[in-house]
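User: I am new to this entry and would like to learn how to read the surroundings of a ligand. Please take me through them step by step.

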Amino acid sequence: MSEIRRFGVIGTGVWGETHLMTYSTHRGAELACICDLNEDLLRQRAEQFGVSCWTTDYEELLADDDIDAVSVVTPDFLHREIAVAAAEAGKHVLLEKPMATTVEDCRAMIDAAAASGVKLMVDFHNRWNPAMWGIKQKVVAGELGDPQMLTVRLNDTIYVPTEMLSWAGRSTVIWFLGSHSVDLVRWLFDDEVSRVYSVSRSRVLTGMGVDTPDFFLTIVELEGGGVAHIENCWIMSTSMPTVFDFKLEMIGSEGTCFADCSSHRMLQTFTPEGPSYPDVAVRTEVQGVPAGFGVHSIRHFADCVIHDLEPAVSVADGLENTRVLVAIHESAQSGQPVEVQR
Ligand SMILES: NC(=O)c1ccc[n+]([C@@H]2O[C@H](COP(=O)([O-])OP(=O)(O)OC[C@H]3O[C@@H](n4cnc5c(N)ncnc54)[C@H](O)[C@@H]3O)[C@@H](O)[C@H]2O)c1
């Protein structure tokens, strides 16, 4: 049995909580220290997870030589500085998606990790989504023939950019949800994106004072000839049963797959308190233990640190994802198809 590895979490907001619940319950791992700029939140998280070490200064956390690895769960555009410092301090790093919002930032983090010999993984957790895994296995087994077309719809209600994320006006739905969509396209086709054409509109959210596009409709061409259509929006009605809508279909030369991962499809309850559609797929609890594919990917990273394994998501996956997302923004802005630069 390997010795215990100690983990830190930097950024303890909405998704940081998933990292906290995973490390604090994973065999072979210890949640050693947590960091956030928001001291009230930090105190609350420290109490919630029984952590005695907490700080508002990530440098202080990184100075602890006994910490083996950290998760960086700060807003999309604030990953580089912390991840580079963590790698330079000799910590393995799990980065929330997207890896970063510029190719330069990705390169800086990859270089720092390589120079220190630490693991660097981006949390593209849909690779642990049972439905996506099922489609991937069909593709790998050749049961779909040659993959031809893929359609991914991953949309949020307007609650996400207007209430959940304080920083939505400094990001876009492409960074936030398009990162998952593009990772699925690259992974399921096992191919690189050559060209993108995207159309976006900025009417609803800007009208509400949140300076970010409402949606992007994107056509993606792959080097091997496959084509994907990606739909990402941040303006669905809050009267939807759940915060996101997630559907994917893959059409191959011989087979077709449909997945509906919208969580309200899995469990619906109706009680005197009203209807409810709890998430039992992404982040949940089963038999008192955190579960769901959002937890599973973080467990995988923890196991890679504990047992010195290679993460299933490579640094190239993070870099290529950001390259495509940059091209999608450029295309939406110029109104022209954009070749992905390599
Ligand atoms: N995998 C998923 O499905 C998923 C879901 C939600 C968010 N995310 C990703 O996770 C990241 C965080 O998103 P979130 O929804 O948790 O946002 P959030 O705003 O809820 O949390 C971010 C936290 O980072 C803290 N922070 C910012 N700068 C910091 C610094 N220098 N040092 C320490 N703390 C700092 C903020 O105070 C905040 O509490 C983003 O990259 C986002 O795209 C992933």
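User: Which polar backbone atom lies 3.2 Å from an oxygen atom of the ligand?

Analyst: A polar contact is a pair of N or O atoms within 3.5 Å; within protein, one must be able to donate a hydrogen and the other to accept it, and residues adjacent in sequence count only if both atoms are side-chain atoms. Here the atom belongs to T74, 3.2 Å from a ligand oxygen. The protein covers 88% of the 840 Å² of accessible area that the ligand has on its own (Shrake-Rupley method, 1.4 Å probe; for residues, only the protein chains shown count as cover). The model is predicted: local features need pLDDT of at least 70, side-chain atom pairs count only at pLDDT 80 or more, and totals for chains, interfaces and linings use all residues. Residues are numbered from 1 along each chain as its sequence is written, and side-chain values use heavy atoms, with hydrogens and water left out.

User: What lies 3.4 Å from a nitrogen atom of the ligand?

Analyst: That is a polar backbone atom of L37. On the side-chain side, a polar atom of H180 is 3.4 Å from a ligand oxygen.

User: How many residues surround the ligand?

Analyst: A residue is near a molecule if one of its heavy atoms lies within 4 Å of it. There are 24 such residues, the closest being V14, W15, D36, D76 and W167.

User: Which domains does the shell around the ligand draw on?

Analyst: Domain bounds come from an automatic or database domain assignment. At least three shell residues come from each of domain 1 (5–122) and domain 2 (126–284 + 320–339). Their centres, taken over C-alpha atoms, are 26 Å apart.
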